[in-house]
Amino acid sequence: MKNKLLIVILISCLFGHDGIAQAQNNSFTLGKKEFLLNGKPFIIRAAELHYPRIPKQYWEQRIQLCKAMGMNTVCIYLFWNIHEQKPDQYDFTGQNDVAEFVRLIQKNGMYCIVRPGPYVCAEWDMGGLPWWLLKKKDIHLRELSDSYFMERTKKFLDVAGKQLAPLQIQNGGNILMVQVENEYAAFGSDSAYMKTMRDNVRKAFDKVQLFRCDWGSNFNNYKLDDVAVSLNFGAGADIDKEFKVFQEVNPTAPLMCSEYWTGWYDRWGKPHETRSVDSFIGSLKDMMDRKISFSLYMAHGGTSFGQWGGANDAPFSPMTTSYDYNAPIGEQGNTTEKFFAIRNLLKNYLQEDEKLGEIPAAIPVIEIPTFELKESASLFANLPLAKKSENIQSMENFDQGWGRILYRTKLVASTTKQKMVIADLHDWATVFINGKAIGRLDRRKGENTIEIPALPKNSQLDILVEALGRVNYGNTILDRKGITEKVEVTNGSTTKDLKNWEVYNFPVDYAFQKNVKYQTGAINGPGWHKGTFNLTKVGDAFLDVSTWGIGMVWVNGHNLGRFWKIGPQQTLYVPGAWLLQGKNEIIILDVDKPISTKVTGLAKPILDKINIDGSLLNRKVGQKLDLSLETPVQSGTFTNDNGWKNVDFQKVSTGRYFCLEVLNSQKADDALTTLSELELIGADGKKIPVAKWKIVYADSEEVTSGNYTAEKVFDKQESTFWQTQSVGAKPVHPHQIIIDLGEVEAIKGLRYLHRFDNKPEGMIKDYKVFLKSVPFKL
Ligand code: GLA
Ligand code: CA
């Protein structure tokens, strides 16, 4: 009897809720082709969540949803730039209390994988690096040679380790593994840099298994001992193909897909991205059948509140505020068809002692009736104190991290029109002369030049620059905001570099927005709008901001994020946890201007309403490809079936501009062309790398019902495809795409995947291939 009691007490000490052992001597190690948890084979089924993208009050609900979807682990990034917003001032409290997040995961019977960066990508401002690093003029990000960068990253890792090392599994916590850096092979190949990063992570996390993540195509770009290797890929991937090279090099390593992309991120001005359940679920099952561990990126994306969204480049394309990601758990914490598909699949693959979690209660959604913002404050009537600077400089040099910045100077008289050129504009500007807006410039479209009219004496130039997300991926992550170099005015014969600026900084903090002088009535031009709305009961809502231009919204002091009328996102998510019964305050800063100052709270988001403009398409107005005088290097007929098709060319051909012309579809009367992936095989029999490829032309692209632009043929994602216009008047064959390969290549053949979901529409039959060393005439 006594013994039995002792055992019960012992068991309840050793185990937390739901069977995670809290013993000091737990282990997680690499076995032969498998992971070992306390010496026994263990398959990780992880769900990626980002704590800053979820209001703290909802953390547990999201974790429980992951468990209910069939997961046994939650994977997290650390976001350095939210924790150290000013050098050496660390914040791990409240919404930033990541240790609390990890403990909540453990409380709910789940393990945790930590990816502390310090660079994390994640569609997050500067990939998680703090903006203040950019105050160092010659900074080299993610490079060993930059001792300042290396010292700051090490410091952050040490501080992060103090928070989380006690939660390593060997210490009785739930952290199984910790990642070193993030997809470094896509950025560089310096093994010494990664070695130092690994050693720094090891100092911060002394016991846990370390790992790194890269792609099946590039993981070998650098070498790193003593860490596990995992690979990232997306919905619909061919599992054999993804792990093939890796397994040849590492025949006994456990296999893990550290990011299995459930959907994709949205960017302003680009069509909404989705990945179908069909394309997604098959490869997941395949991984389970082969006992391959995985992490769903994202299980639930959430929201990039405030200024935290990042950007892609080049071309520059900033992220929307919603990070819904078309993930199985929607932005509001709602279940979706994908959620249930995953839950239904994974319940068949539970391991010993595991059980499927209950689906937690849904968070209520309310519909807020239309209200109006009746007070306003003009930006020009509320200028902060000016700073003076002889040369124009970036925002960071004025100690400003995010927001908008106004540059003012005088222009000399001119009787003729002139051109003004800005180098470099980051990211969106309105140019005013003597208080009148004369035009807009948008970095997404590569705009940097504006015509200015004849000028009277002593004219005043104002350039109001809105900073969007900092680049988070690739070799252009060094992305200072505002105007980074110079502004020149030229009349054709003389060019003048403008000097002696007055600079006004408009930061993003709530106090600043609150303290401008509001008045009842409308304004014309950039400025703030304030209003209130009353609630009898609180709940989550989506604010329809589609009548507003571009800017940010604060509700009860919380920055909900950016809006931009170009879409595709037209609503902003407001967590009920931030709303109050009774009176709520809303402030909208619009640096363009609203058509109406009304707002309505909807029960469902609008994430897919894009205002199309020509810049989305790879075919410019008036362009038409004429191939009548060209000779194809190859022509033929593809087979009428699914899967990858291989074509060997009759002879090796060389050229830089590759054109595929599609003459007809397999199905008669099918005007569409669709194409998921295209690979070109070099004379050496190897795949030609796509890093330098650029689409120069596509005769037609569907961008209304979804994102089917021609770039999708070499984005290495099987589930995405180029599709000619399918909504409205369908253009007829022939259809063509031209790719600039970046340099002259010798090509021996091609491989091509129609589309993953095996739908027959648009399957190519007869084709021609053209290859030239000079651009095609358009
Ligand atoms: C990569 C990165 C992630 C994220 C995804 C795309 O895999 O590692 O941080 O950026 O791409 O969503
Ligand atoms: Ca694709």
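A polar contact here is a pair of N or O atoms within 3.5 Å. With that in hand, welcome to this predicted model, in which an oxygen atom of ligand 1 sits 2.8 Å from a polar backbone atom of Ala-122.

**Around the ligand**

- Ligand 1 is surrounded by 15 residues, and the closest of them are Tyr-77, Glu-123, Glu-183, Glu-259 and Tyr-325.
- Two of these closest residues also reach the ligand through polar side-chain atoms: Glu-123 has one at 2.6 Å from an oxygen atom of ligand 1, and an N or O atom in the side chain of Tyr-325 is 2.6 Å from an oxygen atom of ligand 1.
- On its own, ligand 1 would expose 300 Å², and the protein buries 96% of that area.
- Sorted by class, the shell around ligand 1 holds 10 nonpolar, 2 polar and 3 charged residues.

**Pocket and cavities**

- The second largest pocket has a volume of about 900 Å³.
- There are 33 residues lining the second largest pocket, and those closest to its centre are Gln-85, Gln-307, Trp-308, Trp-402 and Val-508.
- The lining of the second largest pocket comprises 16 nonpolar, 12 polar and 5 charged residues.
- Searching the whole structure turns up 3 cavities of 30 Å³ or more, and the largest cavity has a volume of about 80 Å³.
- Which residues are closest to the centre of the largest cavity? They are Asp-266, Thr-320, Ser-322, Asp-324 and Tyr-325, out of 13 residues that line it.
- By class, the largest cavity is lined by 5 nonpolar, 5 polar and 3 charged residues.

**An antiparallel sheet**

- An open sheet is formed by 6 strands with antiparallel pairing, and their order is β26-β15-β27-β32-β29-β30.
- At the edges of this sheet are β26 (519-520) and β30 (558-564), each of which pairs on one side only.
- Inside the sheet order, how many bridges join strand β29 to strand β32? There are 5, and they link residues 550-555 of β29 with residues 582-590 of β32, the two strands running antiparallel.

**Backbone details**

- Ala-314 and Pro-315 are joined by a cis peptide bond with an omega of about -5°; Pro-315 lies in the loop between β12 (311-312) and β13 (317-318).
- A cis peptide bond also joins Ala-423 and Asp-424, where omega is about -25°, and Asp-424 is found in strand β18, which covers residues 418-426.
- Asp-88 is not a glycine, yet its phi is positive, at about 70°.
- Where is Asp-88 placed? Asp-88 is in the loop between α3 (80-83) and α4 (98-107).

Terms used
Residues are numbered from 1 along each chain as its sequence is written. Chains are lettered from A and ligands numbered from 1 in the order in which they are written. Side-chain values use heavy atoms; hydrogens and water are left out. A residue is near a molecule or strand if one of its heavy atoms lies within 4 Å of it. A polar contact is a pair of N or O atoms within 3.5 Å; within protein, one must be able to donate a hydrogen and the other to accept it, and residues adjacent in sequence count only if both atoms are side-chain atoms. Accessible areas come from the Shrake-Rupley method with a 1.4 Å probe; for residues, only the protein chains shown count as cover. Ala, Val, Leu, Ile, Met, Phe, Trp, Tyr, Cys and Pro count as nonpolar, Asp, Glu, Lys and Arg as charged, and the others, Gly among them, as polar. Two strands pair if DSSP finds at least two bridges between them. Helices (H or I, at least four residues) and strands (E, at least two) are DSSP runs, numbered from the N terminus. On a 1 Å grid over the protein atoms alone, a cavity is a set of points where a 1.4 Å probe fits but cannot get out, and a pocket is an open set with protein on both sides within 12 Å along at least five of seven lines; lining residues have an atom within 4 Å of a point. Grid points are joined across faces, edges and corners, and a volume is the space filled by probe spheres set on the points.
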